[in-house]
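Please read this note with the sequence and the 3D view open side by side.

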Amino acid sequence: TLTAPQGTTLGFDILQVFPFTSETKRMGIIVRDKGTGEIVFYMKGADTVMSPIVQYNDWLMEEVDNMAREGLRTLVVSRKTLTEEQYADFEQRFQAAKLSVVNRSAQVAAVVESLQRDMSLLCVTGVEDKLQDGVRQTLEMLRNAGVRVWMLTGDKLETATCIAKSSKLVARTQDIHIFKSVSTRSEAHQELNAFRRKQDTALVIRG
């Protein structure tokens, strides 16, 4: 049950829940509006996995990149209305996949993914994760003492570099060297040598 800004109460029945996983990088829910009977599939996730799922638009990636440059963690939210027939067909296939004794996980994932097509883009959210007290001072002291600190994150490149600077892990006057994609040991050595030739530069490696 939800209360709308106008003060009206909205009721929903939860039909299915698809939890977030590190593999899919998204989560979803199917609900039925108690008042209208409308069935809606909502999904949110990282822009990298959501952009191929939502209907074409010319502003999504630009807005996501703008938020990432400000150090915000972004989520893309979408929706899709289902008819009774479409949901009944999905539920039948979904239950059959869950009862399968061969490749159950793959079959369940395939059924869920069959819904994740041509979804309507609702919005993009940007959330700031505020640093804990003392983080900036601590990292700056470590850096000034010559201690090498690595930050491991699943954020977008722009978000990661922005957070690294705002936390003082990287000084604002420092250059940033982005390690290029390599496929051989020789290419990796060349890229490392290119980094070593630079002075007072932070290294960013994309996994």
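1. Basis. This is a predicted model, in which local features need pLDDT of at least 70 and side-chain atom pairs count only at pLDDT 80 or more, while totals for chains, interfaces and linings use all residues. Residues are numbered from 1 along each chain as its sequence is written, and side-chain values use heavy atoms, with hydrogens and water left out.

2. Helices H3 and H4. The axes of helix H3 (residues 84-98) and helix H4 (residues 104-113) come within 8 Å and cross at roughly 170 degrees. H3 is therefore roughly antiparallel to H4, a term used for angles over 145 degrees. Helices here are DSSP runs (H or I) of at least four residues, and strands are runs (E) of at least two, numbered from the N terminus. Axes are lines fitted to C-alpha atoms, for helices over the stretch in contact, and angles run from 0 to 180 degrees between N-to-C directions.

3. What touches in that pair. On the H3 side the contact (heavy atoms within 4.5 Å) is made by Phe90, Arg93, Phe94, Ala97 and Lys98, and on the H4 side by Arg104, Gln107, Val108, Val111 and Val112. Sorted by class, the contact of H3 with H4 has 6 nonpolar, 1 polar and 3 charged residues. Ala, Val, Leu, Ile, Met, Phe, Trp, Tyr, Cys and Pro count as nonpolar, Asp, Glu, Lys and Arg as charged, and the others, Gly among them, as polar.

4. Val108. This residue of helix H4 counts as buried, at 19% relative accessibility. Buried means under 20% relative accessible area, exposed means over 50%, and partly exposed is in between (1.4 Å probe, protein chains only). Val108 touches Phe94, Ala97 and Lys98, not counting residues up to four places away in sequence. The C-alpha atoms of Val108 and Lys98 are separated by 6.1 Å, with the two residues 10 apart along the chain.

5. The nonpolar cores. A nonpolar core is a set of buried Ala, Val, Leu, Ile, Met, Phe, Trp, Tyr and Cys residues joined through side-chain atoms within 4.5 Å. The largest has 25 residues, of which Phe18, Ile30, Phe41, Leu82, Phe90 and Phe94 touch the most other members. The largest share of this core, 4 residues, comes from H3. Apart from it lies another core of 5 residues, including Ala164, Leu169, Val170 and Ala202.

6. Phe90 and Tyr87. Leaving aside neighbours within four places in sequence, Phe90 is in contact with Gln16, Phe18, Ile30, Val111, Val112 and Leu115. Tyr87 also lies in helix H3 and is buried, with a relative accessible area of 6%. Under the rule that residues up to four places away are not counted, Tyr87 touches Leu15, Gln16, Ile30, Ile39 and Leu82. Tyr87 and Ile39 are 48 residues apart in sequence and 7.9 Å apart in space, C-alpha to C-alpha.

7. Loops. Most residues other than glycine have a negative phi. Lys25, in the loop between strand S3 (12-18) and strand S4 (26-33), has a positive phi near 55 degrees and counts as partly exposed at 41% relative accessibility. Asn103, in the loop between H3 and H4, has a positive phi near 50 degrees and counts as exposed at 57%. Gly146 is in the loop between helix H5 (135-144) and helix H6 (157-166), and counts as exposed at 58% relative accessibility.

Technical notes
Parallel < 35°, antiparallel > 145°, perpendicular 65-115°, else oblique.
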